[in-house]
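This report describes the fold, the overall dimensions, the surface and the charge pairing of one protein model. Please keep the sequence and the coordinates in view while reading.

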Amino acid sequence: MSTELEQRIEALEKRFDVIERLLRQREPSKAAWRDAVGLLSDDPFTKLVHQEGTRIREEDRAMTRGDSES
């Protein structure tokens, strides 16, 4: 039984090595973030999230200043 287990472990290690090698080949460049900039700029949900975040920050600022508008 231990030989069967050893064979399975060896097979898994080989598969892992192949997967790891493939992932290293696909490693993004240091400038890959530029491909994502503006990717969701036309997305309505992204705009809503941005608006809500702005609203929340403005409310927090108003509370910090002691404004009575909020």
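## Fold and basis of the model

Read along the sequence, the protein follows the pattern α-α-α, and its secondary structure comes to three helices and zero strands. Helices (H or I, at least four residues) and strands (E, at least two) are taken here as DSSP runs, numbered from the N terminus.

The model is predicted, and local features need pLDDT of at least 70, side-chain atom pairs count only at pLDDT 80 or more, while totals for chains, interfaces and linings use all residues. Residues are numbered from 1 along each chain as its sequence is written, and side-chain values use heavy atoms, with hydrogens and water left out.

## Overall dimensions

The protein has a radius of gyration of 25 Å, whereas a compact globule of 70 residues would have one near 11 Å; the radius is taken over C-alpha atoms, and the globule rule is 2.2 Å times the number of residues to the power 0.38. Along its principal axes, the C-alpha trace spans about 75 × 30 × 20 Å.

## Surface and charge

Buried residues make up 3% of the 70 residues in the protein, where buried means under 20% relative accessible area, exposed over 50%, and partly exposed in between (1.4 Å probe, protein chains only). The accessible surface comes to about 7,100 Å², of which 56% belongs to carbon and sulfur atoms; accessible areas come from the Shrake-Rupley method with a 1.4 Å probe, and for residues only the protein chains shown count as cover.

Phe 45, Leu 48 and Val 49 make a nonpolar surface patch of about 300 Å². Patches are made of residues with over 30% relative accessible area and no salt bridge, like charges being joined within 9 Å and nonpolar side chains (Val, Leu, Ile, Met, Phe, Trp, Tyr) within 5 Å. Phe 45 lies in helix 3 and counts as exposed because its relative accessibility is 57%.

The mean positions of the 13 positive and 16 negative charges are 5 Å apart. Lys and Arg count as positive and Asp and Glu as negative, without His and the chain ends, and the place of a charge is taken as NZ of Lys, CZ of Arg, CG of Asp or CD of Glu.

## Salt bridges

Side chains of opposite charge can pair when their charged atoms come close. A search of the whole structure finds four salt bridges, each defined as a side-chain nitrogen of Lys or Arg within 4 Å of a carboxyl oxygen of Asp or Glu. One of them joins the side chains of Glu 20 and Arg 24 at 3.4 Å, N to O. Both residues lie in helix 1 (residues 2-25), four residues apart, about one turn of the helix; Glu 20 is partly exposed at 30% relative accessibility, and Arg 24 is exposed at 53%.

In helix 3 (residues 44-65), Glu 52 and Arg 55 lie three residues apart, about one turn of the helix, and form a salt bridge whose closest N and O atoms are 2.8 Å apart. Arg 55 also forms a salt bridge with Glu 59, with the closest N and O atoms 2.6 Å apart, and this pair is separated by four residues within helix 3, again about one turn. Glu 52 counts as partly exposed at 33% relative accessibility, as do Arg 55 at 37% and Glu 59 at 35%.
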